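Please work through the exercises below with the sequence and the model side by side. Try each task before reading its solution.

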Amino acid sequence: SSLLIPDNVINVLRRIVPNTGFIRLNYSEWKEGITENKNRQVCHISIDNGTDLWFEPTEGKYPDYTKVIPLSFTCTCRIQRKLLLRSLERMSFLCADSRIIRVEMTENKINLCSKNMDSETEQTETLPCDYKSQPMSFGLSITNVMPVLSSFNCKDVIIQSTGSIRHAFVITPDNQTETET
């Protein structure tokens, strides 16, 4: 069976879990005192630090994610997370209107381009990376990507795509954590 967890619960977990470790999710049909309707479904999340969170799951069925998230990728690029994040931070000032950065990936490099339509200025940066697939370009939303990159605690990130300009995914490499020096 599947369970839809509301966004506000995910946001609370995002703030709590990185500092506490693992969570345990329990599902039950009813918990006394949580809701007035005894026919409602209620979920309980128990966090390692002793925090308990009760919530009602979102009603409905989870959409078929394979229609928007592919099962396999044809293009994979590995790049230093901090290098990419700092570059996007610099470029974000110039593209304040659209918040979109143009990304062009070619062998072992990523070209980033931001434009300010009002002042007709353009900023480009080229970053080294590990990329061996066909050249590809797409738009990247700074509003969406910068918080994701900031939340990761790893040295490198992987940008994956099916080659379509519609989808690019940023993930962390398996079992990699960043060590600050």
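This is a predicted model: local features need pLDDT of at least 70, side-chain atom pairs count only at pLDDT 80 or more; totals for chains, interfaces and linings use all residues.

Residues are numbered from 1 along each chain as its sequence is written, and side-chain values use heavy atoms, with hydrogens and water left out.

**Exercise 1. Find the order of the strands in the open sheet of 4 strands, and say which are the edge strands.**

The next step is to look at the ends, where β8 and β11 (169–171) each pair on one side only.

**Exercise 2. Sort the residues of β4 by face, and decide whether C75 and C77 are buried or exposed.**

In a regular strand the side chains alternate between the two faces of the sheet. In β4, C75, C77 and I79 belong to the covered face, whereas T76, R78 and Q80 belong to the uncovered one. Buried means under 20% relative accessible area, exposed over 50%, and partly exposed in between, with a 1.4 Å probe and protein chains only. C75 has 0% relative accessibility and therefore counts as buried, and C77, also at 0%, counts as buried too.

A disulfide is a pair of cysteine sulfur atoms within 2.5 Å, and a search of the whole structure finds 0 of them. For C75 the nearest cysteine sulfur is that of C77, 9.8 Å away. For C77 the nearest is that of C129, at 3.6 Å.

**Exercise 3. Describe how helix α2 packs against helix α3.**

Two packed helices are described by the angle between their axes and the distance between the axes. Axes are lines fitted to C-alpha atoms, for helices over the stretch in contact, and angles run from 0 to 180 degrees between N-to-C directions. For α2 (residues 81–92) and α3 (residues 142–151) the angle is about 145°, and the axes are 10 Å apart.

Contact means heavy atoms within 4.5 Å. Among the residues that meet are L84, L85 and L88 in α2 and V145, M146 and L149 in α3. Finally, α2 also lies across β4 and β10, running at about 85° to β4.

**Exercise 4. Locate N108 and P70 in their loops.**

N108 is in the loop between β5 (100–106) and β6 (109–116). Its phi is near 60°, a positive value in a residue other than glycine, and at 33% relative accessibility N108 counts as partly exposed.

P70 is in the loop between β3 (52–55) and β4. Although P70 and S161 are 91 residues apart in sequence, their C-alpha atoms are 8.5 Å apart in space. Not counting residues up to four places away in sequence, P70 touches T162 and F169.

Conventions:
Helices (H or I, at least four residues) and strands (E, at least two) are DSSP runs, numbered from the N terminus. Two strands pair if DSSP finds at least two bridges between them.
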